[in-house]
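Colleague: I would like to learn how to read a model of this kind, feature by feature. Could you take me through one?

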Amino acid sequence: MTKQEALFEYCLRIGDTGVVLGQRLGEWCGHGPVLEEDIAMTNIALDLIGQARGFLTYAGEVEGKGRSEDDLAYMRSDREYRNVLLAEQPNGDFAVTMMRQFLISAFYHHFFQALTKSKDSTLAALGEKSLKEVTYHLRHSRDWMLRLGQGTEESRRRLLAALDELWTYTGDLFDMDTVDELLVREGIGVDLKSIRPLWEHTVRETFTEADIPYPADSFMQRGSRDGRHTEHLGHLLSELQILHRSIPNAQW
């Protein structure tokens, strides 16, 4: 694998996660528990789509085949997507959505901090821009961990159920393959082994304050780097891509 091929794949992984998680949060538009939260989740979704545009645009430039951000977002199958498994999980109730957001935001907060030091100036700039946004995403979702964990018996029960449902997908966040290893050696990519203890500290600290037990080691679902996803991604992409695939090159 060449450095160019690895960089293309790397950008897809970050961009695809933004597309998928942004689409998931967009499903809440008009259905939030309160108006303020409805607006907050929509704004976070827009942040994620904006981040995805930056990384997918750069992926197209690196690939050099003339594919745009739209081509990469709308014209690839689920097996060609590289988003983390956690991002594609269904919204469930509000506790599931906030738990999913917290676990991912905690990861990307530390990931983008590290990416700002990349020797690739474009990745470093994208990381710096994304870090400003994900810092808010983390603060917002962390606040909900505390409110739900310290709230009523019902809110705590739902939060614990959400954690039990989603924890098995967190191992996928830290998997590394030849793409990661090549780019880490070149000083371009982020060493996920160094990110994991930072993420664990953030999650443990928050769970302790929210009076939520940190889960014991358990089986982890993996496969996103090879395009192996849960059944949920195909359904999500069918909704995301239907207009572009039905009317190629459509313009408003």
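Colleague: Does Asp 211 count as buried or exposed, and at what relative accessibility?

Modeller: One point comes before that: this is a predicted model. Exposed means over 50% relative accessible area, and buried means under 20%. Asp 211 has 52% relative accessibility, so Asp 211 counts as exposed. Asp 211 sits in the loop between helix 8 (192-210) and helix 9. Its phi is near 60°, a positive value in a residue other than glycine.

Colleague: What pattern does the chain follow along the sequence, and how many helices and strands are there?

Modeller: The chain has nine helices and zero strands. Written in sequence order, the pattern is α-α-α-α-α-α-α-α-α. The radius of gyration is 18 Å, close to the 18 Å that the globule rule gives for 252 residues, so the chain is as compact as a globular protein of that length. Along the principal axes, the C-alpha atoms fill a box of roughly 55 × 45 × 30 Å.

Colleague: What share of the residues counts as buried?

Modeller: Of the 252 residues, 53% count as buried. The accessible surface of the chain is about 12000 Å², and carbon and sulfur atoms account for 52% of that area. For contacts between residues at least 6 apart in sequence, 81% join residues at least 24 apart.

Colleague: Which residues have the most contacts inside the largest nonpolar core?

Modeller: They are Leu 103 and Phe 111, in a core of 77 residues. Helix 4 supplies the largest share of this core, 14 residues. Phe 111 is buried because its relative accessibility is 4%, under the 20% cut-off. Setting aside residues up to four places away in sequence, Phe 111 touches Tyr 10, Ile 14, Val 190, Leu 192 and Ile 195.

Colleague: How should I read the aromatic residues, and how many aromatic pairs are there?

Modeller: A pair of aromatic rings is described by the distance of the centres and the angle of the planes. Two rings pair if their centres lie within 6.5 Å, and planes over 60 degrees apart count as edge-to-face. By this rule there are 15 aromatic pairs. In one of them, Phe 94 and Trp 144 are 4.8 Å apart, centre to centre, with 85° between the planes, and the pair is edge-to-face. This pair links distant parts of the chain: Phe 94 belongs to helix 4 (residues 94-115) and Trp 144 to helix 5 (residues 121-149), 50 residues apart. Phe 94 is buried, with a relative accessible area of 14%, and Trp 144 is buried as well, at 11%.

Colleague: What kind of pair do Phe 111 and Phe 112 form?

Modeller: Their ring centres are 5.6 Å apart and their planes are at 70°, so this pair is edge-to-face. Phe 112 has a relative accessibility of 2% and counts as buried. Phe 111 and Phe 112 also belong to one aromatic cluster, whose members include Tyr 10, Phe 55, Phe 102, Trp 167 and Tyr 214.

Colleague: Which arginine lies over the face of Trp 144, and which over the face of Tyr 81?

Modeller: For Trp 144 the residue is Arg 147, at 3.9 Å from the ring centre. For Tyr 81 the residue is Arg 76, at 4.5 Å from the ring centre.

Colleague: Where does Gln 241 lie, and what is Gln 241 in contact with?

Modeller: Gln 241 is in helix 9 (residues 232-246). Its relative accessibility is 5%, so Gln 241 counts as buried. Leaving aside neighbours within four places in sequence, Gln 241 is in contact with Ala 73, Tyr 74, Met 75, Arg 76 and Tyr 81. Ile 242 also lies in helix 9, but Ile 242 is exposed, with a relative accessible area of 53%. Ile 242 and Met 75 are 167 residues apart in sequence and 10.0 Å apart in space, C-alpha to C-alpha.

Colleague: Is Arg 24 buried or exposed, and which residues does Arg 24 touch?

Modeller: Arg 24 lies in helix 1 (residues 3-26). At 7% relative accessibility, Arg 24 is buried. Not counting residues up to four places away in sequence, Arg 24 touches Ala 87, Glu 88, Gln 89, Pro 90, Asn 91, Arg 100, His 232 and Leu 236.

Conventions: Residues are numbered from 1 along each chain as its sequence is written. This is a predicted model: local features need pLDDT of at least 70, side-chain atom pairs count only at pLDDT 80 or more; totals for chains, interfaces and linings use all residues. Side-chain values use heavy atoms; hydrogens and water are left out. Rings of Phe, Tyr and Trp (its six-membered ring) pair if their centres lie within 6.5 Å; planes under 30 degrees apart count as stacked, over 60 as edge-to-face and the rest as tilted. Helices (H or I, at least four residues) and strands (E, at least two) are DSSP runs, numbered from the N terminus. Buried means under 20% relative accessible area, exposed over 50%, partly exposed in between (1.4 Å probe, protein chains only). A charge sits over a ring if NZ of Lys or CZ of Arg is within 6 Å of the ring centre and within 35 degrees of the ring normal. Contact means heavy atoms within 4.5 Å. The radius of gyration is taken over C-alpha atoms; the globule rule is 2.2 Å times the number of residues to the power 0.38. Accessible areas come from the Shrake-Rupley method with a 1.4 Å probe; for residues, only the protein chains shown count as cover. A nonpolar core is a set of buried Ala, Val, Leu, Ile, Met, Phe, Trp, Tyr and Cys residues joined through side-chain atoms within 4.5 Å.
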